[in-house]
Amino acid sequence: MESITKWLEAGLLQGLPVWDCAGLPGKERGKLRLSPEQLLQVIHAEELAEWSLGMAHKLERPRLKKRGAGAPQKYRESSVFLMAVVQSVWRKSYEQIIDYVASHPCLARQMGFGERTISKGQYWERRQALGILPFLFFFLGLAGQLVRLGVITGQELIVDSSLLRAWYKDDPGARWQKYAGKKAVFGYKVHTVLCHRTDLPVFVVVTAAHVHDSQVGWLIILLSALLYGFRVLIVYADAAYFDGKMFRVVQNILHAHPAIHYNLRRQGKRKLATLFFLEQWQRLVTTPRTAIERHFAWMKRYFGLKYFQGFTYLRVTQFVLLTYIAALAVALAAHRYQRPDLYRRRSMVLAHV
């Protein structure tokens, strides 16, 4: 218990570099229309990318296969990484992002490219070689900055998951999942922890669709509290998380209140519930949880979470993390321009390019 307390007091923010995130002068009304160059500068993307890659290299070796003697690598990992971020934020294809960067020298220099930019084949290979950890650390770094700025508090957390249909019918990382009364889905599941204050994500993990929520929920709630040093007051979850391990983590370790929905059809418990109890339960538990359902709908519609065209666990997880990075980048940019009304308004913050 003592070691857990030390983790809670330290957290991710102790190791996250400090950057200038002071407010910027901007428009009090209307759209911000930030270009890729402006967005990368506002969120300190280059410094954050270097930190993320450095953290990832401490935990795993580079994935790019060596080809023996020959010319050294021409493009830096951070350049490939930043191109992937811009590609996902503006929802461009591989061909579109390659052409866009090649035709915008200022953006290419800002990403760290020289006179020549990367080709599609090399970009695809180098992006896959980055693995998952750099994208995860970049996401955590953005969330950490929002925690420092007070946008994310972590006092009220919501945990839930959403299914993503596999793009390829023989995807080796996907599995079948069947819910009662619904059609079976072959794909993946995105498990998310949300800060209820601003409805912004603080942690995300991707699994195959058949993995039950109770197997992941307690872990990502605990990791969220440890990484950011949250003092959690309440955790909202649906009946899938009604599990002994979840209650032990929330009550005994986090010392928070578990507002976890209970299915009254289980074991004949319907007889013990009164109408007053059902009304209070609906107000206190079910209503706040609708925020994460809106979050998944928002991510799928406005940030393109469901429109991926790739397969294997590595590529799908990269795509999900980059999509969540886009959401946090928009929120951080809106905060720096002193526009809290635009935290979740992608089209109002980003320029059309």
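**Ground rules.** I worked on a predicted model, where local features need pLDDT of at least 70, side-chain atom pairs count only at pLDDT 80 or more, and totals for chains, interfaces and linings use all residues. Residues are numbered from 1 along each chain as its sequence is written, and side-chain values use heavy atoms, with hydrogens and water left out.

**Strand E3.** I took helices (H or I, at least four residues) and strands (E, at least two) as DSSP runs, numbered from the N terminus. I looked up the burial of strand E3 (residues 185-195): 11 of its 11 residues are buried, so E3 is largely enclosed by the rest of the structure. Buried means under 20% relative accessible area, exposed over 50%, and partly exposed in between, with a 1.4 Å probe and protein chains only.

Next I listed the pairings of E3, counting two strands as paired if DSSP finds at least two bridges between them.
- Strand E1 (residues 156-165) runs antiparallel to E3, joined by 9 bridges; Asp 160 stands opposite Thr 192 in E3.
- Strand E2 (residues 175-177) pairs with E3 in the antiparallel sense over 3 bridges, and Trp 176 faces Phe 186 in E3.
- Strand E4 (residues 200-208) is antiparallel to E3 over 8 bridges, with Ala 208 of E4 as the bridge partner of Tyr 188.

I also checked the turn of the E3-E4 hairpin: 4 residues lie between the strands, and Asp 199 there has a positive phi of about 60°.

**Ser 214.** I found Ser 214 in helix H9 (residues 213-228). Its side chain makes a polar contact with the side chain of His 212 at 2.8 Å. A polar contact is a pair of N or O atoms within 3.5 Å; within protein, one must be able to donate a hydrogen and the other to accept it, and residues adjacent in sequence count only if both atoms are side-chain atoms.

**Aromatic pairs.** I counted 12 aromatic pairs in the structure. Rings of Phe, Tyr and Trp (its six-membered ring) pair if their centres lie within 6.5 Å; planes under 30 degrees apart count as stacked, over 60 as edge-to-face and the rest as tilted. The ring centres of Tyr 75 and Phe 113 are 5.7 Å apart with planes at 65°, so this pair is edge-to-face. Tyr 75 and Phe 113 are both buried. For Phe 139 and Tyr 324 I noted centres 6.2 Å apart and planes at 70°, so this pair is edge-to-face. Phe 139 lies in helix H8 (residues 133-148) and Tyr 324 in helix H12 (residues 313-336), so the pair ties together parts 185 residues apart in sequence.
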